[in-house]
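Let's take a walk through this structure together, one stop at a time. Keep the 3D view open as you read.

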Amino acid sequence: MNPTLGVCYYPEHWPEAWWDGDARRMAEVGITFVRIGEFAWSKLEPTPGNLTFDWLIRAMDVLGSHGLKVIFGTPTATPPRWMIDKHPDMLAVDAQGRQKGFGSRRHYDFSHLGYREECARFVKLLADAIGQHPALAGWQTDNEYGCHGTTYSYSPAATAGFRGWLENKYHTVDALNEAWGNVFWSMEYNTFEQIGLPNLMVTEAAPAHSMDFRRYSSDQVVAFNGLQVDILKAARPDLPVIHNFMGRFSEFDHYDVGQKLDIASWDAYPLGHLYQGPESDEMKAQFLRQGDPDYQGLHHDLYRAVGHGRWWVMEQQPGPVNWAHHNPDPLPGMARLWAWEAFAHGAEVVSYFRWRQAPFAQEQMHAGLLRPDSEPAPAYAEAVQVAQELKSTGIGGTTAKGRVAIVYDYQSEWAWQIQPQSQGFTHYAHVKAIYAAFRKRGIDIDILPPSTKSFAGYDIVAIPALFAWNDDLRATIAEFDGHLLIGPRSGSKTQNFAIPATLAPDLPANMLDLKVSRVDSTDPRHGVLVKDGGAVHLWRERVDTRAEVVMEDEENFPVLLSQGKLFYLAASGDRALMQRVVDYLIAEANTPILALPAGVRCRVRDGFRVYFNYSATAATLTKAADETGYVVGDAEIPAAGVTVASLAKV
Amino acid sequence: MNPTLGVCYYPEHWPEAWWDGDARRMAEVGITFVRIGEFAWSKLEPTPGNLTFDWLIRAMDVLGSHGLKVIFGTPTATPPRWMIDKHPDMLAVDAQGRQKGFGSRRHYDFSHLGYREECARFVKLLADAIGQHPALAGWQTDNEYGCHGTTYSYSPAATAGFRGWLENKYHTVDALNEAWGNVFWSMEYNTFEQIGLPNLMVTEAAPAHSMDFRRYSSDQVVAFNGLQVDILKAARPDLPVIHNFMGRFSEFDHYDVGQKLDIASWDAYPLGHLYQGPESDEMKAQFLRQGDPDYQGLHHDLYRAVGHGRWWVMEQQPGPVNWAHHNPDPLPGMARLWAWEAFAHGAEVVSYFRWRQAPFAQEQMHAGLLRPDSEPAPAYAEAVQVAQELKSTGIGGTTAKGRVAIVYDYQSEWAWQIQPQSQGFTHYAHVKAIYAAFRKRGIDIDILPPSTKSFAGYDIVAIPALFAWNDDLRATIAEFDGHLLIGPRSGSKTQNFAIPATLAPDLPANMLDLKVSRVDSTDPRHGVLVKDGGAVHLWRERVDTRAEVVMEDEENFPVLLSQGKLFYLAASGDRALMQRVVDYLIAEANTPILALPAGVRCRVRDGFRVYFNYSATAATLTKAADETGYVVGDAEIPAAGVTVASLAKV
Amino acid sequence: MNPTLGVCYYPEHWPEAWWDGDARRMAEVGITFVRIGEFAWSKLEPTPGNLTFDWLIRAMDVLGSHGLKVIFGTPTATPPRWMIDKHPDMLAVDAQGRQKGFGSRRHYDFSHLGYREECARFVKLLADAIGQHPALAGWQTDNEYGCHGTTYSYSPAATAGFRGWLENKYHTVDALNEAWGNVFWSMEYNTFEQIGLPNLMVTEAAPAHSMDFRRYSSDQVVAFNGLQVDILKAARPDLPVIHNFMGRFSEFDHYDVGQKLDIASWDAYPLGHLYQGPESDEMKAQFLRQGDPDYQGLHHDLYRAVGHGRWWVMEQQPGPVNWAHHNPDPLPGMARLWAWEAFAHGAEVVSYFRWRQAPFAQEQMHAGLLRPDSEPAPAYAEAVQVAQELKSTGIGGTTAKGRVAIVYDYQSEWAWQIQPQSQGFTHYAHVKAIYAAFRKRGIDIDILPPSTKSFAGYDIVAIPALFAWNDDLRATIAEFDGHLLIGPRSGSKTQNFAIPATLAPDLPANMLDLKVSRVDSTDPRHGVLVKDGGAVHLWRERVDTRAEVVMEDEENFPVLLSQGKLFYLAASGDRALMQRVVDYLIAEANTPILALPAGVRCRVRDGFRVYFNYSATAATLTKAADETGYVVGDAEIPAAGVTVASLAKV
């Protein structure tokens, strides 16, 4: 399938008389897919058992009549108010012990089995009612799992579920006491029934306790999703099931949820994500109206991994949004750039959120392709242009395999949130820093899960800040004959969240003869300069090693070490140091690079290299050796501009 | 009545033997009114039904014997501890779900009908006991409604009250679902009994839900106050009923409460208000010991509107207070300046809080006219001077009507707190910025409610950041033939908190042919310069318009537009831009201005122009054309000084 | 006993087979004392009544076999999980009303009498089981009373206890109403049963209410500790009972707890304490890897007072810790320096925490003398060196009596937390500032409790920011014939937290003819310069006085006043002003000083003067007149270095 556009639409929000005109204009834009339904439960079952699917079928009829294909989102993220009367304890409880109420969305507890049954019941009814509709092209499960901090609940249902999960995992309470190190502060349990959740304690819980609660909670999301997938696939084995994930979100293991999905998707809001995120004020000022130039790419590559190669942008920001502290208007052209970037990274569909700005309720300040008065908003014309360019280039196929891969691991995110040791130390920041440094050199990158069985074909693989090795990953790195960058902090724990007996990085001496003997963690204002450029901050390891020192800091502590093709990074670096480390690896691996202007990034797909200019000023591209010409734009790429080069056949 | 001084006194805090001496010294200062009683319930009814009013009558006798007039404050802000035993659920519940306990003050829930009955019972008893006392000159209801965040309660009583209020407003739950846009996230209700309060949700409530809860809560304050007013007026129709409001406080609609009051008053604490407020650090440093030069004036003018022309300062800061993070000593002279400023703005009475500093309990660090050892504190002599100057000038009458008016609207405050869209965007800030810019030009200003039926007589009226038009205000502006400044964000919502069908500012094209098509909101650090001076920050509207562009920013977006005498401001401006906009309007309207030194402000009353120097250095006044001479001070006005000029009869 | 080393050890954390090797190596280091047991309850009583002391006795046998002496810590800070089943209400409730759960440590409420009985029962069993063990050398009660904010509980148990305590103190509720000033806001109680705890109020509680709750809570810690001491002393009257207090901790009165202890000790973590503390960013950057140069000394001197002259460091930081936001590696040498500093200040024992870094549970990132893989960590060799130097110098005896004393008072800490009046005003900061200023002059200082009966022998005594006089202290200062520095804010309250009738500082005119008539409190950015150097910030008093003005600020307000040898400081000063004030006092009192390089401090013990260099660079000492030579190090003192000079016999 060639890449195409989609849009999110809520027929229940508008008079039925408007549906036909809306569908006609969607088709005119060049839209193929329309996602509907994911918040419509109260309109489909206004009182218990009273099903009113007729309007929905009429809406799908109208959309289908204009050749549009429907992705139907199960509305389980917004159970109707009467559901709370049936299951008063289905509401989640936050870490402060407060039950969260009805009145917005995601008001359910993943651990509540009664609500899961209600979802199964309703999804089955839906599959029966619309599963054979000719316009139906796929399903979305729920909406943005975990949004608004809803992965973790501290409810009685979660407590009961957690105890059962622990018993299933450890079998005996003695085994649990041993695994968690409960001897430490007389925290030993006599029975599983005594175990509580790791909130509202006097001081921190044992890290293994917190880690197991995160694993348990992640598993509940997996189970909640799997239940729906099973029902939907039973009804229509031929239709894909998708979920729309979020950006910079790590509360549950997305790879695990992805196991049961046909396609992964995510909701891309570049401006809000930059504004609310951890980047520097300087970067925020520079990319205020464009978004972080590497944030979208990293997520595209991540969700490609989550979806086993198949992925969409289910919601694409089309203008100002409503949920950040400040909500700038994107630079003209960004709604086109973002779509092209996603396609270059392999997206099958980019679906704008939403068709028409809703004048009422919580998201009334969130732009759409149409204004509330149905006039086109600026992104309308940009979507039209993207649709035409997709057609004119004929781009299809898939994105190119990267020359470089980076392992991103959800458990590592949890681990360093549980035990930062140096405030601000995160797995994400390390992955992002390495990603950005490679991408500035024009290199295509893949993100890989820690369960990857082979690194074959990559020049370089990076495994930064990895919580703990698993057996597969140990075998994978042992067999890999490319260049490997590991650390800092990688392999510093066992799966039970303890320091390994042979200390971090917990690798055999024939791979890396190095032990981390101590950690020096200081605040980011007190960095240490590295000889020849860059600085160490937040994290610096003291090592006992026979590995070769490649870089060292001005206090003569090793920063980058090597043993054969394995490189160990013993510190957190600033941007300059990370670029130096990455450039060193690139040179060692002899990986080809491009000379990109500042703010410009690129990705190769199906014989095309797509350039996107994230900067607020125009730039001039240097023609690369493998490029035969420009099929969209040219070497002069304006602010927020896109240029597509065609590549010589290999 | 000529303006005069008052003081707040607590006979129950002191030995009875001191009362006569205190009253004698009050009279010597030149004080006329003494407010008493508002925290004395436990001394008047120490156990349920056991009334001990004898001491109170003796205290009033003593005060009356020195010619002092008593304002009696109903003590309903401090129910005694036994009341909680009778009504355990009368304690309010905060937004986090925590019931607030006894032990300080304002420990009651406006929605609790049982407590309302107790208040009615006790106020009736009071009216019976002291209503005919010859010293009695008026009543104060309760004390500082809403202080300490007590307007909103999330209690069962509030929930029940809110449901009834909604049913009364909407009649059917379908109408409510439609008005709130509940279709948006399946938030539709089947019955009114399912509706909860907009707290402890997973994410934000529908804005119309939050807005209605604020309207409901405001109405409870109105009802609570009205109940007491009815009883007090029944007992003594001839005596005024007053309430003492606070500064920068908008949780309930003060105009609505003011409907039943004879006189509005407020409690003016310039230093604490500046220190705890949103002004810049630079302004805080400059006016540390004086207060914001426009804050008091704005509130004086606001409460003159709330009181339909009649207003007092019920509590005037006399020295350092106890409740700000830091509590500076005012510059010598400020206790006099603040009083004179209030009189110039039309105050009938300025009443210092308090007579003698209490050496015990919560406010022991709050200065009085006397020190705790009964020696005069510095404000004592300043009060004496004010009393003499009032007499010597013979100032009376009322304050002059302003040439300029600004609409201040409580619902607009709520709206932008509920939906800031750009963090820091407030109605108050826009009103304040315009107020200060006009006042620096020596122009007298009136504050008007959104229910104003006519703007006749004003050169210029400003309506900034107005939530939604009401029918009256639409008619008022349509009839106005002066210069009108509207926006930004004015008319951007319907009364149901939705975007109007014809978009903001929701005005007929013959008045203003302009639609706000989009909003660009950025943080205050990322402003955009305006051509010829000033900058836009926080808020910038994209407009479709045929109006004339008067000012535009450096990216060529319109900032100020005009259509006839209607001016539309499409952005939030910094101080420089707001001054430019105001100066432009002044020039267009040909409104006369004065050349005031920095930090000096003035107001005209009864043929006198009173100048107050808020700066910490002396200044020289330029004699205005209409001034015949100085009756207090002269052209050289010292720091914290006051000069009173007499004006030629018109 | 000559000073010696100790270590904290947890035999229950390690295989029994390791115990003998561990003990042997401890002895090799030169360690004498081993603290064990304080978290081992679940291993000693795994289910109710099922005692398993056998392993403990074997562990003590092994330690004893290597000549090591055991300090046994009662494990009452970590009751096992089954205890919560027996006493579900023994868990404390925080100020927000949330019960804190099991899963970490210190999960008990000091007010819970049932848990106290359980502790008494178990301590008695322990005393029976190991009280006669030949290796036993002393006891530690519990662990770090109050750590993690556990002094205050807002539980039903605390409420009941508080009411009884109040009735015992005041006898009648009228007396309590009078003492607290409850007339102020109708806060009067009819019965003790109506009184609640001072949390979750609408606004602040009466300060006397808060103060009495703090006194009550402190008394519960005293009672909890006393119960254990009585049992342990009954079993072994000859063995010392110790408690390990914390740094910068003032929630309960340590002097009161110390009444029943034989020896005070504290847990010294210089880097975490600096990082988490209130010092300036500049100081934090300068001493990141060394700690605040005066913090440890101040606490050593404080705990010498708490222990009536006998004190230990029970836990000494040996490397990076795990609990600060960032956890730097100490400079090489600091583990030695800190130990020497403690000995110089009179420590009998310095005990490193802990022997081996635990690879599991909450403190896995906390360094020990051994790494988790049992290899020596850097502090191992430093401990060996300290042990050898103690032996080679033969240092013994006790620390010298100071020439200067400063009164430190826990109630004053509570008072200014309850009523800062100027945010950031604390008793500790005033004590610390004066302490540091004297210590930079090489002067030995003692910390004294407010109950001190005589100041005889001191050149200078300072009493800064004292809440209220007690009768003893009034008598003590009246009899003192040295130089006395009082204020600011000293004597500004009565014991009932009211302003004294004669105003602060509440001293007879023949001692000090001065009244504080008003307080000017501004934020620290708005200081006022003092003539000739330094600045006033946060706090400035207006005084009525006949005392002589020694220093005044640039607005001509007095800063330092004198009447005979009594000096009154009427302001909070910056570092420069505090040094000027202290230098002025030193000159007046003719107290000898030393010329110390920046970052170097010293203390005299047993004929030796020990110098410690806290700076990150080397320094050169000037030989003092009374020094006969160097027995450890020499005049060139490296970064983190120690030099010991021998003194001429007096």
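What follows starts where the chains touch and then moves inside them.

One thing to keep in mind from the start: this is a predicted model.

Begin with chain C and its contact with chain B. How many residues does each chain bring to the contact? Chain C gives 46 residues and chain B gives 60 residues. Putting these two chains together buries about 4500 Å², and carbon and sulfur atoms account for 52% of that area. If you'd like to find the residues of chain C that lose the most area to chain B, look for F184(C), W185(C) and R518(C), which together make up 18% of what that side buries.

Now for the pairs that reach across. Side chains of opposite charge can pair when their charged atoms come close. Between chain C and chain B there are six salt bridges. A pair you can pick out by eye is R371(B) with D544(C), whose side chains meet in a salt bridge at 2.7 Å, N to O. Polar contacts join in too, with 30 residue pairs in polar contact between chain C and chain B, counting pairs where both residues are at pLDDT 80 or more. As for the parts of chain C involved, β13 (514-520) and β15 (535-545) each supply at least two residues of the side that touches chain B. Sorted by class, that side of chain C holds 21 nonpolar, 14 polar and eleven charged residues.

Next, turn to the contact between chain C and chain A. Here chain C contributes 60 residues, and chain A contributes 47 residues. About 4500 Å² is buried between chain C and chain A, with 52% coming from carbon and sulfur atoms. Which residues of chain C lose the most area to chain A? They are H326(C), Q362(C) and M365(C), together 15% of what that side buries.

Chain C and chain A share six salt bridges. On the chain C side, α2 (41-44), α4 (81-86) and α11 (281-286) each supply at least two of the residues that touch chain A. The makeup of this side of chain C is 26 nonpolar, 19 polar and 15 charged residues.

Helix α1 (residues 16-29) packs against helix α14 (residues 378-393) of chain C at an angle of about 50 degrees, and their axes lie 8 Å apart. At that angle, α1(C) and α14(C) are therefore oblique to each other. From α1(C), the residues R25(C), E28(C) and V29(C) meet Y380(C), A383(C), V384(C) and A387(C) of α14(C). By class, this contact has five nonpolar, no polar and two charged residues.

Residues making the contact include G161(A), F162(A) and W165(A) from α6(A), along with F213(A), Y216(A) and Q220(A) from α8(A). In total, the residues of this contact divide into eight nonpolar, three polar and four charged.

Inside chain A, one of them joins the side chains of D292(A) and K432(A) at 2.5 Å, N to O. This pair links distant parts of the chain, 140 residues apart: D292(A) is in the loop between α11 (281-286) and α12 (295-306), while K432(A) is in helix α16 (residues 427-439).

Finally, here are some details of the backbone. G487(A) and P488(A) are joined by a cis peptide bond, with omega about 5 degrees. You'll find P488(A) in the loop between β12 (483-486) and β13 (514-520) of chain A. In chain C, a cis peptide bond joins G487(C) and P488(C), where omega is about 0 degrees. Back in chain A, Q421(A) isn't a glycine, yet its phi is positive, near 65 degrees. Look for Q421(A) in the loop between α15 (410-418) and α16 of chain A.

Note on methods
Residues are numbered from 1 along each chain as its sequence is written. Chains are lettered from A and ligands numbered from 1 in the order in which they are written. This is a predicted model: local features need pLDDT of at least 70, side-chain atom pairs count only at pLDDT 80 or more; totals for chains, interfaces and linings use all residues. Side-chain values use heavy atoms; hydrogens and water are left out. Contact means heavy atoms within 4.5 Å. Buried area is the accessible area (1.4 Å probe) that two parts lose on being put together, summed over both. A salt bridge is a side-chain nitrogen of Lys or Arg within 4 Å of a carboxyl oxygen of Asp or Glu. A polar contact is a pair of N or O atoms within 3.5 Å; within protein, one must be able to donate a hydrogen and the other to accept it, and residues adjacent in sequence count only if both atoms are side-chain atoms. Helices (H or I, at least four residues) and strands (E, at least two) are DSSP runs, numbered from the N terminus. Ala, Val, Leu, Ile, Met, Phe, Trp, Tyr, Cys and Pro count as nonpolar, Asp, Glu, Lys and Arg as charged, and the others, Gly among them, as polar. Axes are lines fitted to C-alpha atoms, for helices over the stretch in contact, and angles run from 0 to 180 degrees between N-to-C directions. Angles under 35 degrees count as roughly parallel, over 145 as roughly antiparallel, 65 to 115 as roughly perpendicular and the rest as oblique.
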